[in-house]
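Here is a friendly walk through one structure, section by section. Keep the 3D view open as you read.

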Amino acid sequence: MATLEVKNLHVSVTDDETKQTKEILKGVNLSMKTGEIHAIMGPNGTGKSTLSQTIMGQPGYTVTEGEILLNGENILEMPVDERARKGLFLAMQYPAEIQGVTNAEFLRAAINARRPADDQISVMDFIKKLDHNLALLDMDESMTERYLNEGFSGGEKKRNEILQLLMIEPSFAILDEIDSGLDIDALKVVSKGVNSMRGDNFGSLIITHYQRLLNYIVPDTVHVMMGGKIVKTGDAELAKKLEAEGYAGLRDELGLDV
Ligand code: ADP
Ligand code: MG
Ligand code: MG
């Protein structure tokens, strides 16, 4: 069993233009283990992406207080690739292009980066696994020979992120708005992929603005983030309640001024 813990996390960002620094996360606490799917919901601009970027170690986010522990080990000083090797996976809101690297090359390298030098995946096993997952996601084989994300449509990028997830098999996946811009068919495919990962060796933190995704990937725990903090935690019913009453309803209920 793997664990991911965020403790009293405070994060600031500096605006490139105005050079003003502002605190975005104001003491986030979150604890999860493999086998669990957690969702974070919240209004726009509340710090959800800041949390996912900070867990992954993207530059530009300054941790001023608190810690992030992966299996009890503080990962804050580790660069992104080391966090990935340790089992974290971030599906980005806007996946980047990597020029000159095919999708298949990227996937094999990413899988092997998580395996010891004397236990690299064989070409045969890689192709078998790739074919299996392509079929599951209803993706064309030609996608894997294309350069990573180059000229991919928004929907193709999302599907490809889920292919990466299935191939790399991280301990924890942070899925930041994987539902944004997806039509219902693509949403179903993406959900099927994530659900196929469910099990004792996998945990996921699903970040979404809308409840719709959570009809397909039913979370064990739902957290609501507002004003840079988690203000409420509950089960899947909490997401439905939010859908019905809106964030404003919860704000009133909790007497929040954010
Ligand atoms: P959410 O994902 O909940 O919509 P974000 O984490 O993207 O929220 O943003 C929270 C706040 O932090 C916003 O006010 C946003 O403008 C600001 N912010 C996020 N990242 C940066 C950055 N790199 N530089 C400046 N401001 C940022
Ligand atoms: Mg946003
Ligand atoms: Mg966001």
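Let's start with the open sheet, which is made of 4 strands in the order 2-1-4-5 with antiparallel pairing. Strand 2 (21-33) and strand 5 are the edge strands, each with a single partner strand, so one side of each has no neighbour in the sheet. Helices and strands here are DSSP runs numbered from the N terminus, with at least four residues (H or I) for a helix and at least two (E) for a strand. Two strands pair if DSSP finds at least two bridges between them. As a reminder, strands of a sheet pair through backbone hydrogen bonds, either parallel or antiparallel.

Before going further, please note that this is a predicted model, in which local features need pLDDT of at least 70 and side-chain atom pairs count only at pLDDT 80 or more, while totals for chains, interfaces and linings use all residues. Residues are numbered from 1 along each chain as its sequence is written, and chains are lettered from A and ligands numbered from 1 in the order in which they are written.

Within the sheet, strand 1 (residues 3-14) pairs with strand 2 in the antiparallel sense over 10 bridges, and Thr14 stands opposite Thr21 of strand 2. These two strands form a hairpin with 6 residues between them, and Lys19 in its turn has a positive phi of about 60 degrees. Strand 1 also runs antiparallel to strand 4, joined to it by 7 bridges; here His10 has Glu65 as its bridge partner.

Asn71 lies in the loop that links strand 4 (62-70) to strand 5 (73-74). Its phi is near 50 degrees, a positive value in a residue other than glycine. Asn71 counts as partly exposed because 15 other C-beta atoms lie within 10 Å. The cut-offs, with C-beta atoms placed from the backbone, are these: a residue is buried if 20 or more other C-beta atoms lie within 10 Å of its own, exposed if 12 or fewer, and partly exposed in between.

## Around the ligand

Which residues surround ligand 1? They are Val13, Asp15, Ile24, Gly42, Asn44, Gly45, Thr46, Gly47, Lys48, Ser49, Thr50 and Gly60. A residue is near a molecule if its C-beta atom, placed from the backbone, lies within 6 Å of it.

Helix 1 (residues 48-56) supplies the largest share of this shell, 3 residues. By type, the shell holds 2 nonpolar, 8 polar and 2 charged residues. Here Ala, Val, Leu, Ile, Met, Phe, Trp, Tyr, Cys and Pro count as nonpolar, Asp, Glu, Lys and Arg as charged, and the others, Gly among them, as polar.

The 14 residues of helix 6 (residues 184-197) should span 20 Å at 1.5 Å a residue, and its end C-alpha atoms are 20 Å apart, which agrees. The expected span is 1.5 Å times one less than the number of residues.

Ala186, Leu187, Val190, Ser191, Gly193 and Val194 of helix 6 are buried. Seen down the helix axis, the buried residues fall within an arc of 155 degrees, so they line one face of helix 6; the arc is that of the directions from the axis to the C-beta atoms. Their cover includes helix 4, helix 5, strand 8 (203-208) and helix 7 (212-216). On the face turned away from the buried side sit the exposed residues Ile184, Asp185 and Asn195. After helix 6 comes Gly199, with a positive phi near 160 degrees.

## The loop between helix 4 and helix 5

Asp138 is found in the loop between helix 4 (123-136) and helix 5 (154-168). Although not a glycine, Asp138 has a positive phi of about 55 degrees. With 13 other C-beta atoms within 10 Å, Asp138 is partly exposed.

Tyr147 lies in the loop between helix 4 and helix 5 and is partly exposed, with 16 other C-beta atoms within 10 Å. Leaving aside neighbours within four places in sequence, Tyr147 contacts Gln99, Gly100, Val101 and Thr102; contact means C-beta atoms, placed from the backbone, within 7 Å.

## Strands 9 and 10

Strand 9 pairs with strand 10 (residues 229-234) in the antiparallel sense over 5 bridges, and His223 stands opposite Thr233 of strand 10. Their hairpin has 2 residues between the strands, and Gly227 takes a positive phi near 55 degrees.

Val222 belongs to strand 9 (residues 221-226). Why does Val222 count as buried? Because Val222 has 24 C-beta neighbours inside 10 Å. Not counting residues up to four places away in sequence, Val222 touches Ala39, Met41, Gly234, Asp235, Ala236, Leu238 and Ala239.

Methods: Contact = placed C-beta atoms within 7 Å.
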